[in-house]
Amino acid sequence: MDDCKVKGFLLTVTILISVSSVFSETFTFRMKEEEKIGYVVGNILEQYKSDRDELRFTLMKQGNEYESLFEVEEISGNLTTKQIIDREVLCEFTTTCEISLDVAAQTVLNDGFFDVVNIIVIVEDINDNAPTFNKSSLNLPLSESVLTGSSITIEGARDKDTSEQFSLKSYDLQPKMTGEALPFNLTFSKKLDGSSKINLIVKEKLDREVKDSYQFYIIAKDGGPTPKIGTLLVNVSVLDINDNSPVFEKSSYDITVNEDVNVNDVILTLKVTDDDLGDNGKVRFKLSSFQPKNNLKYFSIDERLGHLKIKEKLDSDAGNTFRLIVEATDQGNPPLTTQTFVDVSVLDTSNSAPEIHLNLLSNANYSRVSEYANIGAVVAHVAIVDRDSGRNGNVNCSVISDVFGLQRYDVHEYKVIVSRSLDRERSASHNVSIRCEDKGVPPLGNTKSFLVHINDENDNPPRFRQQRYFTNIDENNEIGDEIITVKAFDLDFGNNSDITYFMATTSSKYAYVDSKTGMVMANKVFDKESKEGQGVSLTIYAKDNGVPALTGTTSVIVTINDQNDEKPVFDQTLFRFWLDENLPADTSVDRLSAKDNDKSSNAITKFSLKPGQPEVPFVVLEDGVIKTDRELDREVKDEYTFEVVATDASKRLFSTAKVTVFIVDKNDNDPVIQYPKPGNNTVNVSFLTSPRTIVYNVIAYDLDEPYTDNSNLRYSMTTENKTNFFSIDPLSGDVILSAPLENTNYVGKMYLLKITVRDSGDGTKPATAMLRIFITTDNETLSSSTEEPNKNFVIVVVVAALTILISAGIIVTICIIRRLDSRRRDDKQRQKVLNDNMYTKNNEEVDNIFPLPMDTSFTEKKKKEVSFSLEENGMMNHSQMNCALDEPGQDSFEILLEPPPQYQLCVPKGKLDDCHSDMSGESNGDSGKGGSDDDLQIPSGLGFIRDDIQRSRDRWESSRSESPSMQQMTTFPSRCLQNDTIPHQKIIPFSFKKTPSYMGSGLVANNLTPSTPSSSYSMPMYYDDESRSSSGFQSADSSYSNRHRNGGKLNLMRNNIQDCVV
């Protein structure tokens, strides 16, 4: 057990050391900006708490944007600057400037120690920037009508110093002319980006006629001891008010015109009035821009005179009505505008044929289109103009052609489009006609025709005779070696069929091609084991000379022939595998993998264990499969590391790798309860103990992997006495007093608790142990049951010392006993007479009397012997000491059973000498009394009530039929010897047990209260043949002589619980 504790302690220390090396420390240093190069920011060595010697520090630069600003002295640990640090450059928009650096700590000894320290450098601001405005002056016009309290927003200053101390703090308002009163004040607010906003507030009414302008400075101050300032000159101009809008003579106008009205004819003159003077009273007319486009297309207005005119002919809009919006605007600042409606109705007075406007989209009198043109391609635009209204203006158009169609583009516009595929080789030109008619009576129409020429195109690209070519070449070739010759053809004629070959840019590094012949030649020496060793794909183009030129493409797949010049390489230098424990031999762990860049038979790889290394319980098959050669136990060893070899077919090229196999824990160990255990399972508890007091601590362990469900223990408890006085903490195993015991009825009671310990895994059996709790009158502090397990070594030392003292005492006692034996030899004859007397009486008159085992040879044995043994823990088990008889006549006796006299039992008054002692393992601490049963007292009034006597009689009657002969019985010496005879009474063997207790209500010794009413005290019959015992008791000793002849007393056990019989 001590070894387990030491190992547990070492494991805890190892875990703490490991954890401390995983989590890096963070140190914070402060510095002011603009410090000179080489400034020492802080010393890492002074901050770093380590017991390591000769530490070396290195700044980790990879991925750190600030590494160019700092450096770390390797030995001293000083963190210094490499550049002058400007806080406003690093942290332009933040109030706090923090720079994070990572520094690696190692030892010179290369003992594997490595730690990463996080360094936070806080760059403190200095007041090196003044607030600045984005411009030096501001012209601000204000109307004299501005309301008092109005706020005008002005862009404020910005201070590059963003710290709370030195950033922008306040604004002042200062007139340019000293002493001038200003009708303004200001407030400001800071924005999130560090800039600010100024609100210039009008605090007095402005009067342009009194003062038409103001000049003043806005001064921005920062928070430095001597504030830095920025200034903005503001020029305020007070403007006159334009408070009268123009007024039309009418609220709206309605007029009618003929469709043939001439362009520029005046159809209406508008007049307005404005009560303002000057520019505020000058009015200009215009048509509102927010109205239908046709209104602005057909009408215009003279801005000064208000004449409404015709802008275009209205014959196409005959029958329509236009609602115009006319505006009259004065010239004030800001200008005031008034609008009115003018409704113009156009009368239709004639009908005309639609006009066809044809746009051929070319500079010639014909249209051109490529034979490549897609369906829907536009070859001409057609616009229809019919100024009539109603049916006279409703026009439909159609096209006359087999390859072209007409598609509407707008209300009176069409597109002539390609409706079928074109081929110039079949038809070089097409004649197209457009016919348009209105729906008047009679209908009027027009027709227009045009010619479309089809342009020839290079519509046949070169084609290779194969879409893909396959060939091969040996590696280590010569540059210029022929690979293959490719050929292409083109269906076009002339320049369109003249072909030139060229290689794709991505393929030119591998090969080149003759532009005329198509011969492909190597442009490099190929290596099978290189990136392109698996083969290369060459892309070759054939281009004609058409405009635009067309290109054909083919691929040449080149395979590189292999040579054996590469060794196999493992995919990993260290393989990690996990395997459950307890699996049978020949279990597959996993498969190794390696790669040989060679091909075919050159790439065949075989695996094996590297020779010359310590034996491991694994075999490596040639295909890389790792198998076990025995069953593995994690509790014996939890990981294995070994080397493996991968060899190619030549057996001369190989590589090695390491393999670590971790053995995964299975729940194959049951919990083990260390305490309580047989011989060390009793605890004394004072009846004055307070509830919630821990009276015992169950100690258990599980050999499965720590910190997993397999070793995570849970404690539970059941009680044989069906009591709720005690409970157990399921996690710690603490047995806790749950209810008060301050009642004399509980004193002397023994409670049996069945402790069960389970782990949290699956498939294991729980461990159980019995804990006996004896209630005492002593008000002593519980200690042994709550001591920590690591104090057990103190107990061992104390027990060893006590053992020496007890051994000396026992030797002296044996000498005294041997002297007393000679005195008892005279009682031998009297004892024999007594025994004969006992069993010759009529059994029927002794209803509750049991025959006691007798042994005629007992007279040859000593009357009093002492035997003892020491348990493994060094404690003496007093229950194994035989009860010694006192000399006859030395003790007085008292009748314990009620009349009739034949049922009376003689026992000595007072304490039973050395009987019923069960030396508990807790004897050194619970109450300081050793076994809790050693001090049981027999009250003078002990007796059995009649129903208990009847039950005993029934058991006696059932067993009497099998009673052995007197010769088979062994002698049992009596302490009730008076005049050598005991008429009408028998000696009854009486046993005090831990449990089950006698259940009759008449047994009140030490308040041993029964657990269930159905239990009863059994008085056993003893035979030479132990197997014939009717009670099921077993001798505590292993030999016949020890069972029956030690000092005339029998030490018996029922269910491994010690009895002491008087």
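## Salt bridges

A salt bridge here is a side-chain nitrogen of Lys or Arg within 4 Å of a carboxyl oxygen of Asp or Glu. This is a predicted model, where local features need pLDDT of at least 70, side-chain atom pairs count only at pLDDT 80 or more, and totals for chains, interfaces and linings use all residues. Residues are numbered from 1 along each chain as its sequence is written, and side-chain values use heavy atoms, leaving out hydrogens and water.

The structure holds 18 salt bridges. One of them joins Lys 211 to Glu 180, with the closest N and O atoms 3.4 Å apart. This pair links distant parts of the chain, 31 residues apart. Glu 180 is buried (under 20% relative accessible area; exposed is over 50%, partly exposed in between, with a 1.4 Å probe and protein chains only), at 19%. Lys 211 is partly exposed at 32%.

Let's turn to another pair. Arg 30 forms a salt bridge with Glu 124, the closest N and O atoms being 3.3 Å apart. Arg 30 is exposed, at 51% relative accessibility, while Glu 124 is partly exposed at 25%. Together with Lys 32, these two residues are linked in a network of salt bridges.

## Neighbours in sequence

Arg 630 and Asp 629 also meet through their side chains in a salt bridge, 2.9 Å from N to O. Arg 630 is partly exposed, at 36% relative accessible area, and Asp 629 is partly exposed too, at 34%.

Methods:
Helices (H or I, at least four residues) and strands (E, at least two) are DSSP runs, numbered from the N terminus.
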